[in-house]
Amino acid sequence: MTDFAAIAAQLEGQAIELPSWAFGNSGTRFKVFGTAGTPRSVEEKIADAATVHRFTGLAPSVALHIPWDHVDDYEKLRAHAADHGVALGTINSNTFQDDDYKFGALTHVDPKIRQKAIDHHFACIDVMDATGSRDLKIWLADGSNYAGQADLRGRQDRLAESLATIYERIGDDQRLVLEYKFFEPAFYHTDVPDWGTSYAQVAALGDRAVVCLDTGHHAPGTNIEFIVMQLLRLGKLGSFDFNSRYYADDDLIVGSADPFQLFRIMFEVIRGGGYGPDSDVAFMLDQCHNVEEKIPGQIRSVLNVQEMTARALLVDRDALAAAQEAGDVLGAHQVLMDAFYTDVRADLAAWREERGLPADPMRAYAESGYQEQIEAERVGGTQMSWT
Ligand code: RM4
Ligand code: MN
């Protein structure tokens, strides 16, 4: 109890952005199972995201994907979000669902197609100006499937040029965030496969260009917390896309596959200065809920992040440093494990109640009637997240 009291204040203001697409139906290449109550519009996705925030106090903003969430009037959408108690956050560009991009977008050999992709990003920046969003997040599907198919170096050079053109348009209070992913949909090479490539590209642009780390975008066994440390050390960790994976980019609930990994990541975030009011690092979920209900899926996710943040805050950093300096291998390890094994759930429930939030947000949501209401109201809500 006492230990928790010491860190309680640091949990204040924690914010985890929700992806609008988590509320739509999604699936695998084999089948998409529809869920009753699925939003039929971006306005309904925002209403659902706001519901997650209402029950947890942890999710004050929602990220949009353009064109999935395209509307004619973004000022109106911004007001709609504000009415529901949330803000519009990161704008995600999409250059992976157009026939023209079969052989790449920002890296394409044809200048006309590159310009089309650049223009799409300009349109996204216009959206950001209207929504008040800070971050333009770029994830590229660009890559190739067969050795020899593409000129790897030429593509990297064209990518640098395209990104520089987009970066010039970014406002003084805005950021360009470049996400990496080691494979898929391309299987031989990907143009931004790893943090090093993303770092090299954004470092060449300037201070307002940073890296997005999606936890599902690494080869199995990758030490992700090491990358967190390095990017923070270099001042280039812009944001996280949180999710869990067992095999590939599974997009499961963050903290479900490997809570210890989430704890280790949060520990390096905290130790590296990436957490709290003085940090610019943005925390987002990037998940799909294929077989579980989506709103509880998102509630569970933000609670998992909060729980592992609390445990990581509990690490006795002085004791850890002393053990590390003394070469006390198992002593240092134990300091970390003591915090990891601390069950903070009861403390967090009390912490929530003190702030007028439900002690058990999962249960409160289940008892609220919201799910029944959307299931009754949203007839024909079979929309996929990517339409
Ligand atoms: C990609 C990447 C992006 C996300 C899309 C939907 O794999 O993770 O962040 O916007 O999927
Ligand atoms: Mn992502």
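Tutor: A polar contact, as the term is used here, is a pair of N or O atoms within 3.5 Å. The model is a predicted one. In it, a polar side-chain atom of Lys137 lies 3.4 Å from an oxygen atom of ligand 1. His217 likewise places a polar side-chain atom 3.2 Å from a ligand 1 oxygen, and for an N or O atom in the side chain of Asp214 the distance to an oxygen of ligand 1 is 3.1 Å. Of the 290 Å² of accessible area that ligand 1 has on its own, the protein covers 90%. The residues around ligand 1 also include Trp21, His65, Trp68, Trp139, Lys181 and Asp249.

Glu179, Asp214, Asp241 and Asp286 are likewise among the residues around ligand 1, and these four are the protein donors of the manganese ion (ligand 2), at 2.1 to 2.2 Å from it. For six octahedral donors the ideal angles are 90 or 180 degrees.

Along the sequence, the donor residues follow the spacing E-x34-D-x26-D-x44-D. Glu179 belongs to strand β6 (residues 175-179) and Asp241 to strand β9 (residues 237-242), so this pair ties together parts that are 62 residues apart in sequence. Glu179 counts as buried because its relative accessibility is 4%, and Asp241 is also buried, with a relative accessible area of 0%.

How values were computed. Residues numbered from 1 in each chain as written. Chains lettered and ligands numbered in written order. Predicted model: local features only at pLDDT ≥ 70, side-chain atom pairs only at ≥ 80, totals over all residues. Heavy atoms only, no water. Donors = N, O, S within 2.8 Å, 3.2 Å for Na, K, Ca; no water. Helix = DSSP H or I, 4+ residues; strand = E, 2+ residues; numbered from the N terminus. Buried < 20%, exposed > 50% of the residue type's maximum accessible area, 1.4 Å probe, protein only. Near = heavy atom within 4 Å. Polar contact = N/O pair within 3.5 Å; in protein donor to acceptor, adjacent residues only side chain to side chain. Areas by Shrake-Rupley, 256 points an atom, 1.4 Å probe, with all protein chains shown as cover.
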